[in-house]
Amino acid sequence: MTEHSASHGEHAFSVPQLLGIDPLWVATGILIAVYAVLITEKVNRAILAVLGASLMVLFGILNQEQAVAGVDANTLALLIGMMVIVGITSKCGLFQYVAIKAAKVVKANPTGILIMLTLITAVFSALLDNVTTVLLIAPITLLITDALDTPVFPFFFAEILASNVGGTATLIGDPPNIIIGSAAGLSFNEFVVNLAPISAICLVVLTGIIYLMNRRTLAAIPQSASEKIMRFNENEAITDIGLMIKSLSVLALVLLGFTLGHSYGVQPGTSALAGAALLMLLAYGHQSGEAQSESVHHIFGEVEWVTIFFFGGLFVIVAGVEHVGLLDFFGQKVLELTEGDMMWTAFFIFWASGILSAILDNIPFVATMIPLIESTADTFGGPDAIEPLWWSLALGACLGGNGTLLGASANLTVAAFAEKAKQPIGFVKFAIMAFPIMILTLMIANVYIWLRYFY
């Protein structure tokens with residue numbers, strides 16, 4: 001291991017080496033400490049990631065240039081751009097309109113509403129991203145369950161699972177996919193072609209399970225509660241038709257950029273940021289200078305900067321452990337374990353990412369796994385040859401995120417809404433119900449990987 005650190009992590013002013021400590025152990029210690037505290041949720045994840053990244057530089061594991069190079073700017077640009085677009089779009093009431101309309105389509109039947117909200121969450125999660133989707137759907141769900149006078153848990157439970165299953169389908173649907181796509185150079189279209197089919201199959205299975213779990217309980221809700229929802233006026237939800245048209249037009253252009261951009265060397269982050277700038281111009285360009293500045297300041301305030309800084313810090317931490325050779329070492333161990341067989345390596349990565357993403361947040365796990373998978377490229381014949389490993393990682397991480405409340409950012413977002421509504425989602429209760437469903441979807445996805453890439 002000292003050879004790794006000598007070849008990968010030597011610096012003139014490396015603090016660990018000055019103290020006679022192998023930089024590999026220091027970098028590994030920082031990674032483990034960040035993960036350990038992350039699980040406890042005692043320290044904000046952005047603070048934790050930035051602190052860990054800073055220690056990588058301060059201890060000389062990376063220099064300033066290497067730390068900056070380790071940050072995936074495309075991922076951050078994509079996240080910021082989509083957050084701005086969705087933030088402006090949410091102001092027109094479009095999402096509230098869709099939810100109320102969907103409830104009325106099924107005649108406000110409680111079971112029907114549950115299924116509709118599950119499907120809407122999955123579709124929006126694929127087109128926007130799952131964290132943003134649950135931020136928009138959760139308040140509407142609370143409004144509907146309040147009218148039905150029923151606990152919100154069955155609805156939130158279904159929406160959490162649907163957000164991760166739906167988010168699996170596209171490049172922008174789930175943060176792990178954004179990171180994988182950017183690192184591996186996989187296009188929006190490639191994600192749709194490879195992951196949307198299995199995402200749709202898992203969604204059908206999930207919807208059936210949700211229906212069977214709740215049909216009797218929800219059938220007991222009195223008709224008068226449904227009538228209250230039927231009196232909602234969905235048209236009143238639309239507060240600005242002009243803004244809605246502008247938002248949908250820009251969103252369509254951005255999605256077009258995602259699908260066509262790869263062929264022209266335009267990264268998804270560029271399409272998202274360009275769309276965000278265009279929508280801000282269309283939405284606020286007519287305002288006076290002062291009002292315009294205030295509007296732009298406000299919309300930037302709605303960007304989840306905690307998530308952005310968390311990602312940025314995490315990228316530097318992972319760059320640090322990669323630099324000292326730790327991930328090369330584990331990559332070789334994985335190849336030894338699977339005897340260099342591509343199929344068994346894919347299955348190993350798939351199940352490891354599925355199970356571990358349920359226990360840890362799937363974002364840091366995926367960020368750690370990416371360089372490990374890259375290290376296997378030479379063994380399997382180059383970067384193109386390891387594509388099945390990327391799809392295995394993406395499927396395992398996204399579907400595995402459903403195992404516990406800690407598994408994905410969308411889960412914790414919904415849990416926060418439940419807590420505010422004084423209907424907290426218990427960690428153990430959620431895990432007991434969700435983990436078996438997660439295992440079932442992983443088993444289905446495992447069969448899909450085998451049939452699609454190795455049969």
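1. Cys202 counts as buried, at 1% relative accessibility. The cut-off for this class is under 20% relative accessible area. This note concerns a predicted model, and the values discussed below should be read accordingly.

2. Cys398 is likewise classed as buried, with a relative accessible area of 0%. How far is the sulfur of Cys202 from the closest cysteine sulfur? That closest sulfur belongs to Cys398, and the separation is 11 Å, which is too far for a bond. Starting from Cys398 leads back to Cys202, again at 11 Å and too far for a bond.

3. A disulfide is a covalent bond between the sulfur atoms of two cysteines. For such a pair to be counted, the two sulfur atoms must lie within 2.5 Å. The structure holds 0 disulfides.

4. The largest cavity contains about 60 Å³ of space. Two elements give two or more residues each to its lining, namely helix H6 (73-89) and helix H11 (175-184). H11 gives the most, with 3 residues.

5. Which residues line the largest cavity? The lining consists of Asn74, Leu78, Leu171, Ile178, Gly181, Ser182, Gly185, Leu186, His262, Gln267 and Pro268. Sorted by class, this lining has 5 nonpolar residues, 6 polar residues and no charged residues.

6. Helix H7 covers residues 94-105, 12 residues in total. From its first C-alpha to its last, H7 reaches 16 Å, close to the 16 Å expected at 1.5 Å a residue. After H7 comes Lys107, which has a positive phi, near 60 degrees.

7. Which residues of H7 are buried? They are Leu94, Phe95, Ala99, Ile100, Ala102, Ala103 and Lys104. Among the elements that cover these buried residues are H6, helix H8 (110-127), helix H9 (130-148), helix H13 (223-230) and helix H14 (241-261).

8. Asn63 is placed in the loop between helix H4 (45-58) and helix H5 (64-70). Is Asn63 buried, exposed or partly exposed? Its relative accessible area is 30%, so Asn63 is partly exposed, given that this class lies between the 20% and 50% limits. Asn63 and Gly320 stand 257 residues apart in sequence, yet their C-alpha atoms are 9.7 Å apart in space.

How values were computed: Residues are numbered from 1 along each chain as its sequence is written. This is a predicted model: local features need pLDDT of at least 70, side-chain atom pairs count only at pLDDT 80 or more; totals for chains, interfaces and linings use all residues. Side-chain values use heavy atoms; hydrogens and water are left out. Buried means under 20% relative accessible area, exposed over 50%, partly exposed in between (1.4 Å probe, protein chains only). On a 1 Å grid over the protein atoms alone, a cavity is a set of points where a 1.4 Å probe fits but cannot get out, and a pocket is an open set with protein on both sides within 12 Å along at least five of seven lines; lining residues have an atom within 4 Å of a point. Grid points are joined across faces, edges and corners, and a volume is the space filled by probe spheres set on the points. Helices (H or I, at least four residues) and strands (E, at least two) are DSSP runs, numbered from the N terminus. Ala, Val, Leu, Ile, Met, Phe, Trp, Tyr, Cys and Pro count as nonpolar, Asp, Glu, Lys and Arg as charged, and the others, Gly among them, as polar. The expected span of a helix is 1.5 Å times one less than its number of residues. Contact means heavy atoms within 4.5 Å.
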